Each structure stands twice: as C-alpha cells, then as structure tokens.
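Here is a short briefing to read alongside the model. Have the sequence and the 3D view open, and let's walk through a few spots together.

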Amino acid sequence: MEYKFKEYKETPLLKKHLNMGGKNPDGEEINLTSRYFTRGGKPFIGVMGEFHFSRYDRHEWQKELAKMKAGGITIVSTYLFWIYHEETEGAYDFTGDNNVRAFVETCADIGLDVVIRIGPWAHGECRNGGFPDWLMRKSFALRDNNGEYLALVRKWYGRIYDEVRGLFYKDGGNIIAVQLENEFVDNAEHIAKLKEIAVECGLIAPLYTVTGWNSAAGAKIPIDEVVPVFGGYCEAPWENHIKRLNPSPHYFFNRMRNDSAIGTDLIARTDNDGWQLPYERYPFATCELGGGIQVTHHRRPIIKPMDIYAVSLVKIGDGNNLVGYYMYHGGTNKIGTKSTLNESKATGYPNDYPILSYDFQAPLSEYGEVREHYGLLNMLHMFVQDFGEIIAPMEAVDAKYALPPEDTASLRYGMRTDGTGGFVFVNHYQRLTKLKDIKGAVINTGTVKFPAIDVKGDISFFMPFNMNLDIQNGGSVLLEYAAAQPLCRQDDTFFFAEIPNIQAEYKFGDRQVFNDNIIEYHGVRIVTVSFDRAKYMRKLSGTVYIGDRCNLYEENGKIYSAEDGDFECVKWNGSEFEAFTVNQPYRKTNIIIEDTVDAPFNPKYKEELSIGGDRKITWKKISADSAYGFAEISYTGDTAQLYVDGELAADDYYYGKPWRVPCKIIYGKECYIAISEIKDDFYKEF
C-alpha cells in the first residue's frame, strides 16, 4: 500500500519579531525565529535534560554531567527550589549541594549550557511547589502582582543573581535561558512583571521561557516576551483514579504542542474568553518530554524504554526544535530542618510522593545508573546535533489521512521537509497496546518514493530523502533515500542504523546499495550498524565510539564506562573501527538480608508507611561487606524505607521492580528496612 502526505505549503518565517536574543563577548549570538533557534546565525536544535543540583551529591555532579553529555544532552535545565535555599525567612543556604554557582560552573567545565528555572513557584513535586512554609503563611496573595509578594520575589531573584553573577551568556558564561514561574496559565501580566523584575535584578539571558500548556488554547503569556515551552508524558500518575489510561495521543503524528493533561492535578483550564496562544510566532520547543515518570502512591506505572523513545521521535517528526526532557537524571529529596520537602496530600497537594526518592524512572537513575532509554534517546540526540542545521528549518507535514486514537492497524507516519528533501518518521508503538504488523508499505513523499518495507514489532524510526551529504573539502553527494536511520557523522563518514526487520538500502543517483557495512561513494563513506549496536554508540569529542554493551562517557579527557567490568569497545579512526579496551575492576559485594522478629525502633516517618490507613509493618536487617556497587532488594509491599543508624536514608513505593540502593549507604552502618503491607488501592502494571 502506498502512503502519501498532505500538500506541503511553506508558512511565513518570522525573524527579529521577539524581544529576546543576545550576544556573548565573542560576538556569537543566540536568537530565534518563528520556526527554529539560531546560534552564530545558524539553525540548531538543543537537547535539554533536567537535573536538580540540590537533589544530588555535589561530589558526584561532574561524573553525572559527563554521562548526560555522553547521552547527547547539550543543555542542563535545573530548578531553584526556594524552600531549599530559604527554609527560614532571611537565612539563605547556597552551600554544599545547594551551591548553584558551583553547579553552573561544573556544567561549563563539562561543556554544557544551562537553563535556570527560577520560579518563584516551581512545582517539581516539591513541598508547596517550592514555596517556603513561611511564605505560605503570609496574608497577601501569592503568584500575584501585589506589591508585598513582588517585593519578596525581587529579593529572591536578587539572591539568585548574587550567586550566578558573571555566568550568563552575555558575560561569556553558559546560562543561556531563564524560565519564569511554572504551570502558570491565566495571567500574562504577572509573567511580564516577573520578567521585568528578573532583568532588573541582572538575570539577563538570550531566552526567557514559560510553560505553555493548559487547555487547547494554551497558557496566557505576554506575547513576544517569552518562549512557550511544552511537554508530553507517556503516563499521568497525577490522575486522581487508579484505572488504566486511554491511549496517549503522543504516539500519533498530530503536531500537538500543548498537552493539556499536564498539571491537571493543580491547574484549572483557562476561561473561554477568546484567548488563543499564537503558536505560529514561536518555534516548537519542549521542556517536559517525559524522560520517565515518577510514581505516586496511587498510580505506579512501569516505564519501558520504547515508551520514552517513541514519544521523543514523534515530537521531532512533529517539528520539535528544542528537545527537552523532565527528568533526564533522577535524584533524592532532602529533608529540611522543619519538615520533609516532598509533595504530599498533607501539604494540601493532590498526590503523595516518596519522602526521599525522586528517581522518575529517568534515563539516569536516582543514583546514576544507566537505563536502556538513555541509549535509545542518544540515537536521536546525535542526529539533531549533527544535522540540526538541516532539519530545524524544515516543517512538519501530516499524513494524507488523520488516524483516530483507537486505530491500531494503520501506519503512523509523518514528515519534515523543505519541499525538496527531508525525513519521514514512522512510529509503530503505543504504550500498553499491541499494534498490527504492516507489510509492503510504500512511503511516497511527493518527490521520492521509498521501497516497500514491512513495519513489525515495537519500533519507531525515521529515514532521509534527498539528503545532501556535504564533503568537508567542498561539494556534496545527494542521497536520494536511505531505508535506514541516520545517526551522526565524523568528518566525511556518515553513520546509519539498520532498522529492525527492514533491509538497509541506500539509493544514489546512479547506484543502489543493499546491506553493505561500509559504502564508499564519491568521497563520502556510509557506515551501517545494527540498531542494537547503535544504542551503545556515543560521539565524544568528535570521535564515534561503540561500547561493548556498556555505556561510554568522557571525563577529563579519558573514556570510562558507566558500568564496571572489562569491555572490548571500538572507535572510528577515519577509515575503520579499531578496538580498544575499557577496564574498570568489578568486585562483588555480599548483601545479607535477615528477617527480624521485633521492630528495632519506632520508624521516624511512620506516616509514609501508613498512607491510606494503618498497614502491617515488617522489618528486615540488611548489611553489606563493602561499599562497592548496589544492593538489590526484592520485596513485595506498599512502601519500603531504609533506615541507616536510625535515620531515613532511602525509600521506595513498590511498583513491581527490585529496589536498588548503593552499598555505600549501607556499608559499616546499622541498617534496617521497614516494609508496609500492600493493599489493592493503587494502579499497577505488574
């Protein structure tokens, strides 16, 4: 069957119409058009990953940021939770793990740009949305333009500036954007005032962003003053029921920017007053593509790698030109001097989240372990980094016929094009739903007809057509089409992944090549790797590496594996892959878990073990004979807490997977696990 597209009609490109943009001391400029962002006058696609510095050990920042960069992240976004820094009014804390300046400087050392999300209200599943308790007790309205509130906002913004002075892009630093507020949907005047105060305080960056979601009409924002950024999650654990959700629209090519499901636990829909966010004035940018999902007490989904990868691929196919994930790296909440700092129903919020764990099932876990979607997503990240200048100006074009959300039998496909060349995107995946295999699909872009392909199994992919492969010493080669997925390039070598169940095929004007691992054609070299190997491909300091089922990263000029052991890896030397070895000694830690008859003590945070009513609590003693590696704790229960020398050190809402805790937390300490009784009172997928 042949699959066609709607007619491509170029939309007007607006330039210099937004009150944003800025230069660094070298004269490089970051700016944006109505369709894409620019850097140094060229289109580019940033890849942004959320990592909360205050939820992670400062001594581990460098290593974790190096892993983020290896995974294709180019921009780190991070919240400043007001309650973390001013739990007591007037007593600021920007030391230790709260040291935002040290974090931004570490990002710069690694080569990463930064977006600071300065609130004042942040959410982020933090207590009071990040507002300090003392602020909540004030008599005036919060998130409002009254003078008393704005005076405190000005003081807060000023303190942030004191910490990051000199680190902005205009100063030669790496802070390229500031996000104002969060999930604020119905008061453009307040957002405008926050920007005014931020600028007056010195928080000056090329880009200012706000979250743009709400109803289909979008959040009310000050037009041309800020960039609305969007999101899309594969699940919604904040939904107030325990039933399975309807199929997510994020697995369809529909050019949907605004996910009105985000934040429905906390925000109401905008009144029907005629407001319509002018999407056509802004590039499609995301800040909250779900890198995973956090479990709530009443909803506990299990995230699979393709759940995340397919959504991101679909959004790129729909025109996304800033790929932003929440979360990309998990973390651990702190416990304040006055209270826990997690969101809970006890604080008036709709959800109960763990006191400590903010793992989010993210590509990099709460403790820095690599999950499979890290490598999958990097296949997309390498591509947009190396070919962003080509694809960013291209527009999304819909399939000829739209599909209803219940359709599980039709091909889901989309296209980005400039009218001549481009990329076709195919998604054959729907979370928790089996899609029917499609045989003999012929995709016709209007300028190029691809060979017939079978689309089978859980897979998402894209293929280029009329793609100019430029040669560094001048000239280019036209690739008419490739039945393979482009990954990245190193000099004049272009790397592609073979798509599962599809024979790799490359068509040049006078040559058609099938399944060759290395193709030479008029000064261009094409290297094809399997889809499984591509998941372990990394581009580090301009060189392509492939790990031996290990995740390579670079720190201080040396190549490491995120996993310990001995690995035979390869790197591209310009003409072939050459082998090298990564040796990181592995030592087994013996974990002993013993049942205890009596409770060793009264748990300090028993309320977490009895959400929804009293539950029987069982105890286990745990010990480790070294600080190396992880203890894997298999249990069945509602909630588990790890107490180390009597203090809560880790917790977990059971969702069907073993709980992994670093042995360094346990080693040499007296440790007990409290497990509360499981009941049939939450949504589960196990």
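**Arg489 and its surroundings**

The side chain of Arg489 comes within 2.7 Å of the backbone oxygen of Asp491. Keep in mind that this is a predicted model.

*Arg489*
- Arg489 belongs to strand 24, which spans residues 485–490.
- Is Arg489 buried or exposed? Arg489 counts as buried because its relative accessibility is 13%, under the 20% cut-off.
- Beyond its neighbours within four places in sequence, Arg489 is in contact with Asp386, Phe387, Asp470, Gln472, Phe494, Phe495 and Lys539.

*The hairpin of strands 39 and 40*
- Strand 39 (residues 639–644) and strand 40 run antiparallel, joined by 6 bridges.
- The two strands form a hairpin with 2 residues between them, and Asp645 in the turn has a positive phi of about 50°.
- Val644 stands opposite Glu647 of strand 40.
- Strand 40 is mostly covered, with 5 of its 7 residues buried.

*The largest pocket*
- The largest pocket holds about 1300 Å³ of space.
- Its lining consists of 42 residues, and Tyr367, Gly629, Phe630, Pro662 and Lys664 lie nearest the centre.
- Strand 40 (647–653) turns up again here: along with helix 1 (61–70), strand 41 (659–662) and helix 11 (663–666), strand 40 gives two or more residues to the lining.
- By residue type, the lining of the largest pocket has 19 charged, 16 nonpolar and 7 polar residues.

Technical notes
Residues numbered from 1 in each chain as written. Predicted model: local features only at pLDDT ≥ 70, side-chain atom pairs only at ≥ 80, totals over all residues. Heavy atoms only, no water. 1 Å grid on protein atoms, 1.4 Å probe; cavity = no way out; pocket = protein on both sides within 12 Å on 5 of 7 lines; lining within 4 Å. Points joined across faces, edges and corners; volume = space filled by probe spheres on them. Helix = DSSP H or I, 4+ residues; strand = E, 2+ residues; numbered from the N terminus. Nonpolar A, V, L, I, M, F, W, Y, C, P; charged D, E, K, R; others polar. Buried < 20%, exposed > 50% of the residue type's maximum accessible area, 1.4 Å probe, protein only. Polar contact = N/O pair within 3.5 Å; in protein donor to acceptor, adjacent residues only side chain to side chain. Contact = heavy atoms within 4.5 Å. Pairing = 2+ DSSP bridges.
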